[in-house]
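These are my notebook entries on one structure, written down in the order in which I looked things up. I begin with the surface and then turn to contacts between side chains.

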Amino acid sequence: MNDRSGFRIGALVWLAVANFSMGIDGYVLAGLLPQIATDLKVDAAAAGQLMSVFAVTSAISGPVLGALTGRWERKFTILLSLGVFVLGNLLVGLAPTYFWAMAGRVVSALGGALLSAAVGSYVVAATPEQFRGRALSWVMGGFLFATALGVPVGLVIGQADWRIPIFLVVGVGVVAMIGIFRGVTPLHLPATTVREALSPLTQPRILLALVVPAGLMCASYLCFTYATLILGPRIGEGYPMIAALFGYGVVSLVGNLVSGRVIDRRGPVAVLTVILAAVVTAAVLGWLGLMLPGILGAVAGVAWFLVCAFFNGGSGVAGQARLASMVSPTVAALVLAVNTSAMMLGSGLGSALGGVALVAGSSADQLLLISGGILAVTLLVHLLTLSWMRRGATAATPASG
């Protein structure tokens with residue numbers, strides 16, 4: 001079955017399933033660190049490094065692998081990277097010691113980093129630009145659906161044995177491989193050299209555009225990491241917080257789907273501008289709302305949380321679509337891989353900054369103001385970059401006439 005873009009919906013579904021497996025893998029272990037530490041006979045800090053090494057390996061290897069494999073046929077690249085990702089998780093699930101679990105996380109990170117770039121570049125190259133936003137939102141929806149449903153389910157079943165969610169990731173990954181093998185058509189892109197594949201990194205406009213995903217993720221994780229400290233005193237911990245986090249995932253998914261449609265009508269730059277302005281406003285109003293007493297403060301806190309979920313959920317597709325529009329499909333794999341690295345760098349920096357702020361004496365509520373400051377700077381860089389690019393385009397017009 002095809003949609004109006006000519007792109008097979010079935011292909012998008014199977015690529016989304018692959019992203020679903022990565023979404024579970026990326027978040028579920030964080031909620032099972034005590035069980036992992038006990039089973040592998042390490043402390044909680046060491047168990048946490050299983051998350052850190054995945055993020056660092058992905059951030060570093062993504063652009064490199066994206067550039068080196070840019071000439072490969074896309075379907076083969078997707079299947080190979082998904083296979084490596086599954087193999088790494090299988091190694092983690094069977095790991096008898098901490099060393100083997102760490103090795104498995106490195107292997108799965110290598111596969112996941114390349115998979116993210118390969119899937120994104122496939123969608124960009126196979127979809128007409130006027131339908132690209134919706135296609136990207138379908139595929140990214142798999143990742144966000146995992147955070148909304150897959151992770152909570154994984155945490156529940158992981159209470160009995162932390163390895164069960166890992167085997168769930170393996171199973172979903174294998175299903176995705178079968179579906180992609182049968183339902184995704186091969187795609188050959190024009191051959192490029194490694195130097196040509198790396199050429200976008202020499203363009204200032206590309207580098208400046210990467211500030212937006214990094215800034216958005218930094219501001220988001222600065223608060224999201226400590227959401228329990230912000231909302232917990234107002235709505236209660238335990239099940240109320242689980243419900244809030246579930247709501248965050250669902251609303252993020254809705255924001256992702258809405259963003260894809262609006263991008264196809266208005267373009268990714270306009271969508272990113274609106275998203276940045278909205279989350280800056282939400283941070284300031286949310287901080288003010290938290291000052292309200294009793295139930296009013298609780299309502300304001302939940303409203304801030306869900307508004308951020310909606311716009312953060314839509315920002316990923318907008319960022320991908322913007323970068324994809326700035327380069328040819330032949331080098332999209334590298335650009336999308338660097339975009340993912342920027343997001344991971346931003347999320348790690350945000351979590352660290354939030355921790356530093358709390359240790360330095362800031363209250364949990366004040367994290368919203370710090371987040372708002374980061375978002376304001378990101379919006380300013382975004383607007384200045386657009387102004388600079390417009391001036392450059394205007395100055396180049398007479399010369400080309």
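Which residues form a nonpolar patch on the surface, and with about how much accessible area together? I found that Phe-145, Leu-149, Val-153, Val-156, Ile-157, Ile-164, Leu-168, Phe-246, Val-250, Val-254, Val-258 and Val-262 form it, and that together they have about 880 Å² of accessible area.

Before going on, I noted that this is a predicted model, in which local features need pLDDT of at least 70 and side-chain atom pairs count only at pLDDT 80 or more, while totals for chains, interfaces and linings use all residues. Residues are numbered from 1 along each chain as its sequence is written, and side-chain values use heavy atoms, with hydrogens and water left out.

**Entry on the patch**

I wrote down the rule for patches: they are made of residues with over 30% relative accessible area and no salt bridge, with like charges joined within 9 Å and nonpolar side chains (Val, Leu, Ile, Met, Phe, Trp, Tyr) within 5 Å. The areas come from the Shrake-Rupley method with a 1.4 Å probe, and for residues only the protein chains shown count as cover. I then looked up the helices (DSSP runs of H or I with at least four residues, numbered from the N terminus), and saw that α6 (132-158), α7 (163-183) and α12 (239-266) each supply at least two residues of the patch.

**Entry on salt bridges**

How many salt bridges does the structure hold? I counted 3, where a salt bridge is a side-chain nitrogen of Lys or Arg within 4 Å of a carboxyl oxygen of Asp or Glu.

The side chains of Asp-39 and Arg-163 form one of them, at 2.8 Å from N to O. Asp-39 lies in helix α2 (residues 33-40) and Arg-163 in helix α7, so this pair ties together parts that are 124 residues apart in sequence. Arg-163 is buried, with a relative accessible area of 14%, whereas Asp-39 at 33% counts as partly exposed. Leaving aside residues up to four places away in sequence, Asp-39 touches Trp-162 and Arg-163, where contact means heavy atoms within 4.5 Å.

Arg-134 and Asp-264 also meet in a salt bridge, again with 2.8 Å from N to O. This pair links distant parts of the chain, since Arg-134 is in helix α6 and Asp-264 in helix α12, 130 residues apart. Asp-264 counts as buried at 16% relative accessibility.

Arg-234 forms a salt bridge with Asp-365, and their closest N and O atoms are 2.7 Å apart. Here Arg-234 lies in helix α11 (residues 227-235) and Asp-365 in the loop between α15 (332-359) and α16 (367-400), so the pair ties together parts that are 131 residues apart in sequence. I noted Arg-234 as partly exposed, at 26% relative accessibility.

**Entry on aromatic rings**

A pair of aromatic rings is described by the distance of the centres and the angle of the planes. Rings of Phe, Tyr and Trp (its six-membered ring) pair if their centres lie within 6.5 Å, and planes under 30 degrees apart count as stacked, over 60 as edge-to-face and the rest as tilted. By this rule I counted 8 aromatic pairs.

Why is the pair of Phe-99 and Trp-100 called edge-to-face? The ring centres are 5.3 Å apart and the planes stand at 80°, so the pair is edge-to-face. Phe-99 counts as exposed at 58% relative accessibility, and Trp-100 is partly exposed at 41%. The rings of Tyr-248 and Phe-305 have centres 4.7 Å apart and planes at 45°, so that pair is tilted. Tyr-248 is in helix α12 and Phe-305 in helix α14 (residues 294-325), 57 residues apart, and both residues are buried. I also noted that ring pairs link Tyr-221, Phe-224, Tyr-248, Trp-304 and Phe-305 into a cluster.

**Entry on one more residue**

Last, I looked up Thr-378, which is placed in helix α16 and is buried, with a relative accessible area of 4%. Not counting residues up to four places away in sequence, Thr-378 touches Val-211, Val-212, Gly-215 and Leu-276.

Note on methods:
Buried means under 20% relative accessible area, exposed over 50%, partly exposed in between (1.4 Å probe, protein chains only).
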